[in-house]
Amino acid sequence: KNLNLLRRDGRLVYIAFLGGAKAKDVKLGQIMMKRLTITGSTMRARNTVEKAEIAQGLKEHVTPLWAKGECLPMIYQTFKFDQIQDAHAAMDTGEHIGKIVVEII
């Protein structure tokens with residue numbers, strides 16, 4: 001699904017995955033014809049200095065965008081706290097795009 005959404009010379013960055021660490025039915029021809037770049041990263045393999053540099057970069061470059069409302073998360077669905085089981089069930093399907101929010105106040 002993600003590959004189909006990309007335009008020519010598009011880039012797909014994986015930071016985390018909920019559906020497992022293996023991709024099924026990846027069409028290598030599509031990647032080559034569109035000249036796609038697929039990359040990924042994780043914080044687990046990084047040391048404390050690298051993590052601090054990433055945090056500082058977010059603070060400098062992303063936080064101002066949040067403050068201006070220019071870089072907001074995509075909200076899939078919002079649940080009340082008493083619907084926490086429904087929120088978990090929605091997350092377990094892995095079919096959501098965006099964040100699942102639980103209101104606790």
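Start with Leu 3: leaving out residues up to four places away in sequence, Leu 3 touches Leu 12, Val 26, Gln 30, Ile 31, Lys 34, Leu 36 and Ile 38, where a contact means heavy atoms within 4.5 Å. This is a predicted model, in which local features need pLDDT of at least 70 and side-chain atom pairs count only at pLDDT 80 or more, while totals for chains, interfaces and linings use all residues. Residues are numbered from 1 along each chain as its sequence is written, and side-chain values use heavy atoms, with hydrogens and water left out.

Leu 3 also belongs to the largest nonpolar core, a set of five residues that includes Leu 6, Leu 12, Ile 31 and Leu 36 as well. Such a core is a set of buried Ala, Val, Leu, Ile, Met, Phe, Trp, Tyr and Cys residues joined through side-chain atoms within 4.5 Å. Buried means under 20% relative accessible area, exposed over 50%, and partly exposed in between (1.4 Å probe, protein chains only).

## Two salt bridges

How many salt bridges does a search of the whole structure find? The search turns up two, a salt bridge being a side-chain nitrogen of Lys or Arg within 4 Å of a carboxyl oxygen of Asp or Glu. One joins Asp 9 to Arg 35, with the closest N and O atoms 2.8 Å apart. Asp 9 sits in the loop between α1 (2-5) and β1 (11-14), and Arg 35 in the loop between α2 (28-34) and β2 (37-40), so the pair ties together parts that are 26 residues apart in sequence. Helices (H or I, at least four residues) and strands (E, at least two) are DSSP runs, numbered from the N terminus. Asp 9 is partly exposed at 47% relative accessible area, and Arg 35 is partly exposed at 46%.

In the other bridge, the side chains of Glu 103 and Lys 80 meet at 3.1 Å, N to O. Glu 103 is in strand β4 (residues 99-103) and Lys 80 in strand β3 (residues 75-80), so this pair links parts 23 residues apart in sequence. Both count as partly exposed: Glu 103 has 33% relative accessibility and Lys 80 has 48%.

## Around Ala 90

Is Ala 90 buried or exposed? At 14% relative accessibility, Ala 90 counts as buried. You'll find Ala 90 in helix α4 (residues 84-93). Setting aside neighbours within four places in sequence, Ala 90 is in contact with Phe 79, His 96 and Ile 100. The C-alpha atoms of Ala 90 and Tyr 76 are 9.7 Å apart, and the two residues are 14 residues apart along the chain.
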